[in-house]
Amino acid sequence: MKKTAFYLALSLILTGFVFLVLAIQSWNKEQIRQTKYERTLGRVVQIQPLPEDKTYPVIGFYALDSQKIMVQAKHEVSRFSSYELGEVVEIYYDIINPDDTHIVRYEWFWMSFLSITGIAFIGGGIIWGFLIWLRANRRKWLLEKGSVLEGLIQSVVQDPQIILQDKAAFIILCEWKRDEDSGTLLFKSEPLAADPTEFLEEKETLPIYIDLQNPENYWIDISFLNEEKVEIETKLEIEE
């Protein structure tokens, strides 16, 4: 599970970098557009129909040499036309080839969207990875410096708030009390993707590593489950 979480965090970071690369490419295209094209104002002089209820505008504008140009902007196709006859629109056109004309819209939208999405993915992956690192170090500290209690196994329950492999995760509940007069402490194991009940049949207690100064900082040692799983898989392979 630890490896799976690590790979998920890494995939988030890599996905974020992909979005950032696309954002940089979008920015480069915009810079090329700024140098290649001239910006001016044009007017929608006609709305031409196309099949499937689509339309495109015919735009008239004056070039730098005061030449009046009419462009059929078929690349500005819209099923529900957002252009009105007589509407003034900002355009950019190629000085050498005025027919290469585009309406300025959502100029920086995609670059902003890709940048924000990329940063969000990278940030999420880094935070997730940091939490995994904290958990690993917490466990290491508890194993080295924590106190060990023998928790009495109570039951195995499912937590519908945690989903692993498309189903509610399984939690082992243990309790411990110092003596008959003291209160009972309840401990929960890490969430498990599979039901561990069959591996607990011969066990009554589980070791609990705990920081007595901060009782909420504890870890139930369920590492034996991986060993049991390996043994079962090995037996199945031998039988086959």
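**Helices, strands and ring pairs in a predicted model**

Trainee: In which pattern do the elements follow one another along the sequence of this predicted model?

Mentor: The model is a predicted one. The secondary structure amounts to three helices and 10 strands. Read along the sequence, these elements give the pattern α-β-β-β-β-β-α-β-β-β-β-β-α.

Trainee: What share of the contacts joins residues at least 24 apart?

Mentor: The contacts considered are those in the chain between residues at least 6 apart in sequence. Of these, the share that joins residues at least 24 apart is 58%.

Trainee: What percentage of the residues in the chain is buried?

Mentor: The chain exposes about 16,600 Å², and carbon and sulfur atoms supply 56% of that area. A residue is counted as buried under 20% relative accessible area. Of the 240 residues in the chain, the buried ones make up 31%.

Trainee: How many aromatic pairs are there, and are the rings of Phe19 and Phe121 stacked or edge-to-face?

Mentor: The count comes to six aromatic pairs. The ring centres of Phe19 and Phe121 lie 5.6 Å apart, with 25 degrees between their planes. Planes under 30 degrees apart count as stacked. The pair of Phe19 and Phe121 is therefore stacked.

Trainee: Which helices does this pair link?

Mentor: Phe19 and Phe121 are 102 residues apart, so the pair links distant parts of the chain. At 21% relative accessibility Phe19 counts as partly exposed, and Phe121, at 28%, also counts as partly exposed. Phe19 belongs to helix H1 (residues 2-36) and Phe121 to helix H2 (residues 109-145).

Trainee: Which strands hold Phe61 and Tyr93?

Mentor: Phe61 and Tyr93 form a tilted aromatic pair, 4.9 Å centre to centre and with 40 degrees between the planes. Both Phe61 and Tyr93 are buried. The pair ties together parts that are 32 residues apart in sequence, because Phe61 lies in strand E2 (residues 54-62) and Tyr93 in strand E4 (residues 88-94).

Trainee: What distance does H2 reach from its first C-alpha to its last?

Mentor: H2 has 37 residues, and at 1.5 Å a residue the expected value is 54 Å. Its buried residues include Met111, Leu114, Gly118 and Ile132.

Trainee: Over the face of which residue does Lys203 lie?

Mentor: A charge sits over a ring if NZ of Lys is within 6 Å of the ring centre and within 35 degrees of the ring normal. Lys203 is at 4.6 Å from the ring centre of the residue in question, which is Phe224.

Methods. Residues numbered from 1 in each chain as written. Predicted model: local features only at pLDDT ≥ 70, side-chain atom pairs only at ≥ 80, totals over all residues. Heavy atoms only, no water. Helix = DSSP H or I, 4+ residues; strand = E, 2+ residues; numbered from the N terminus. Buried < 20%, exposed > 50% of the residue type's maximum accessible area, 1.4 Å probe, protein only. Contact = heavy atoms within 4.5 Å. Areas by Shrake-Rupley, 256 points an atom, 1.4 Å probe, with all protein chains shown as cover. Phe/Tyr/Trp six-rings, centres within 6.5 Å; stacked < 30°, edge-to-face > 60°. Expected span 1.5 Å × (residues − 1).
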